[in-house]
Amino acid sequence: MRILRRDAYACQLCGAEATEVDHIKAGDDHSDENLQAICTPCHARKSSSEGGAARARELRQLRAMIKRKPEQTPGRTHWRDAKPRENKGF
Ligand SMILES: [Zn+2]
């Protein structure tokens with residue numbers, strides 16, 4: 001592949017022999033600028049850390065939401081109480 005040849009078959013992350021082509025930024029950008037030669041271990045580490053980080057962020061947000069829920073309940077009830085009164089005024 002031309003990307004491997006361009007990068008002299010050297011992994012752009014660790015310098016080992018590259019056998020795969022990686023998207024620098026994940027997505028649908030298949031331009032040469034967004035592609036780099038990469039070795040299999042780095043590629044595996046990169047894709048697993050990308051997926052893992054996203055999943056960890058989601059989990060942290062979820063846990064934060066669950067933790068915050070009891071604190072927010074009084075505020076939410078207040079907001080829900082106020083809303084029908086507003087509607088009745090109309
Ligand atoms: Zn590597």
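Glu20 stands opposite Ile38 of strand β2. Strand β1 (residues 20-23) pairs with β2 in the antiparallel sense through four bridges, two strands being taken as paired if DSSP finds at least two bridges between them. The model is predicted, so that local features require pLDDT of at least 70 and side-chain atom pairs count only at pLDDT 80 or more, whereas totals for chains, interfaces and linings use all residues. Residues are numbered from 1 along each chain as its sequence is written.

The chain holds two helices and two strands, arranged α-β-β-α from the N terminus on. Helices (H or I, at least four residues) and strands (E, at least two) are DSSP runs, numbered from the N terminus.

Of the 90 residues in the chain, 10% are buried. A residue is classed as buried if 20 or more other C-beta atoms lie within 10 Å of its own, as exposed if 12 or fewer do, and as partly exposed in between, with C-beta atoms placed from the backbone. In strand β2 (residues 35-38), Leu35 and Ala37 point one way and Gln36 and Ile38 the other way, and all are buried. In a regular strand, side chains alternate between the two faces of the sheet.

The largest nonpolar core comprises six residues, among them Ala37, Ile38 and Cys42; such a core is a set of buried Ala, Val, Leu, Ile, Met, Phe, Trp, Tyr and Cys residues joined through C-beta atoms within 7 Å.

Ala26 lies in the loop between β1 and β2. Ala26 is partly exposed because 13 other C-beta atoms lie within 10 Å.
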